[in-house]
Amino acid sequence: MTGARDDRRALRTLEQLLQIEARDLHHALDEATTVLADVLDAEKVDAFLRDADLLRARGTSETPLGKKQQEMGLDVLPIVGGGRTAQIYENGTEYLHHRVDEDEGEIAGMKELGVRSAIGVPLIVGSERRGALLAASTRYGAFDEDDLAFLRSVARWVGVLAHRVELTEGATRSAVERGRRLAAEELVTVLAHDLGNYLTPLRGRLELLLRSARREDRLEAQRGLEMTIANVDAITALTADLLDVSRIEEGLLKLAPAPLPVRELLWEVVRGLETGTVRIIVDVPRDLTIFADHARIRQVLSNLLANALHHSPVGTTVTLSGAREPDAVVLRVTDEGPGVPSDIMPRVFTRYARGPRSTGLGIGLYLAERIVAAHGGTLVLDSTPSGATFTLRLPGPSEGTVAKTDADAERVAEYTD
């Protein structure tokens, strides 16, 4: 008869646990422990889970003894010196005691709470021991071996319930975060598009004013207008980057690849960014050619060089080098700056990753890496405290697009105005 009674008790408990909604972990475990308190005729049931160096009762039965425990602060226990609850978690052992007030291994707080009988088992969540499930009573001898075996079985179901709730919470958080991100990206894209519509006529108007100032030889007005046009161009470039992010995310980035002489392309990039405070060396064979979209690869190289110049101390050198390998063309941008902080390295090619000296939105390197990937290549970063090197690897040009490499005595050149 005892076996049949236990089977009925187990089935009834399982049915009640399955009806618990996976809203959040705290409420789910509160409901589960309240169910168990009723089934076991216990005055308190707790589901403790580890939280850093503590064991926290994430679920406590809605019973007078359970509420009293919370009032006394016994729903949070240290793992070191946490009595039987901590031992169950740490050692994976089970616990059954008929006279807790005489148990030297239990903390004084549990005895002050009036607990006389207790059973406990490890709580496994997602195949990992995460805490302990305990039932307590103020009566001596309230539980027996059958109750302990029952709690052991039920602990598996409680662990599955906790895992299901955690997965649901995680999925909900991910969905909410993704929704927020998509909404933010859509808003940024719309604003960037609308801003571009305003900037184009504004720049045209400024150009007309600049021509007038030049005709009338108004030097101060010329300088002011040139500076304003430069600022408008910077904003235009920023909006273009934001729109590029949207195009990449939507798979709409278009490329028009063609054979490009690397040396000429690098000089083009250098002339647009050279500041005079950092030495720039171009070390590329004259006949080195890539098959790529001119505007997009120029965008990548401009970003990498601008990044290197920004982080290079005055008087140091930035080197742009290139070479042909059997199945690829490799370009490198090397600086002598302080390198990239270790906490930034893992996310340097992600959107909006910004270091302590960053001045932009943190999308330049993301765009560079995505554009290179769209060409079938790779972009990687190596960094040390004495400098950083971006290595851009593109598939080699198709046969017949370039001549074979010859010795180039003038391959190393230093940029001068």
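**Close-up views of a predicted model**

**Figure 1. Residues lining the largest cavity.** In this predicted model, the lining of the largest cavity comprises 9 nonpolar, 1 polar and 3 charged residues. The lining has 13 residues, and those nearest the centre of the cavity are Lys44, Met110, Ala118, Leu134 and Ala136. The space inside the largest cavity amounts to about 120 Å³. The structure contains 1 cavity of 30 Å³ or more. Two strands, β1 (44-51) and β6 (128-137), each contribute at least two residues to the lining of the largest cavity.

**Figure 2. The open sheet of 6 strands.** The strands follow the order β3-β2-β1-β6-β5-β4, and their pairing is antiparallel. At the edges stand β3 (76-78) and β4 (95-97); each has a single partner strand, so one side of each lacks a neighbour in the sheet. On average, neighbouring strands of this sheet are turned by 25° against each other, direction ignored. In general, the strands of a sheet pair through backbone hydrogen bonds, in either a parallel or an antiparallel manner.

**Figure 3. The pairing of β1 with β6.** These two strands run antiparallel and are joined by 6 bridges. Opposite lysine 44 stands alanine 136, a residue of β6. Both Lys44 and Ala136 are among the lining residues nearest the centre of the largest cavity.

**Figure 4. Helices α2 and α3 against the strands.** Helix α2 (residues 25-40) packs on the sheet, where it touches β1, β2 (54-60) and β6. The direction of α2 makes about 70° with that of β2. Helix α3 (residues 64-71) lies across β1 and β2, and runs at about 40° to β1.

**Figure 5. The buried residues of helix α4.** Which residues of helix α4 (residues 83-91) are buried? They are Gly83, Thr85, Ala86, Ile88 and Tyr89. An α-helix has 3.6 residues a turn, so residues three or four places apart point the same way. The elements covering the buried residues of α4 include β1, β2, β3, β4, β5 (117-125) and β6. Just after α4, glycine 92 adopts a positive phi of about 70°.

Figure 6. Threonine 317 is located in strand β10 (residues 317-325). Is threonine 317 buried or exposed? Threonine 317 counts as buried because its relative accessibility is 12%, and buried means under 20%. Apart from neighbours within four places in sequence, threonine 317 is in contact with Val278, Arg279, Ile281, Thr334, Asp335 and Glu336.

Technical notes. Residues numbered from 1 in each chain as written. Predicted model: local features only at pLDDT ≥ 70, side-chain atom pairs only at ≥ 80, totals over all residues. Heavy atoms only, no water. 1 Å grid on protein atoms, 1.4 Å probe; cavity = no way out; pocket = protein on both sides within 12 Å on 5 of 7 lines; lining within 4 Å. Points joined across faces, edges and corners; volume = space filled by probe spheres on them. Helix = DSSP H or I, 4+ residues; strand = E, 2+ residues; numbered from the N terminus. Nonpolar A, V, L, I, M, F, W, Y, C, P; charged D, E, K, R; others polar. Buried < 20%, exposed > 50% of the residue type's maximum accessible area, 1.4 Å probe, protein only. Contact = heavy atoms within 4.5 Å. Pairing = 2+ DSSP bridges. Axes fitted to C-alpha atoms, helices over the stretch in contact; angles between N-to-C directions.
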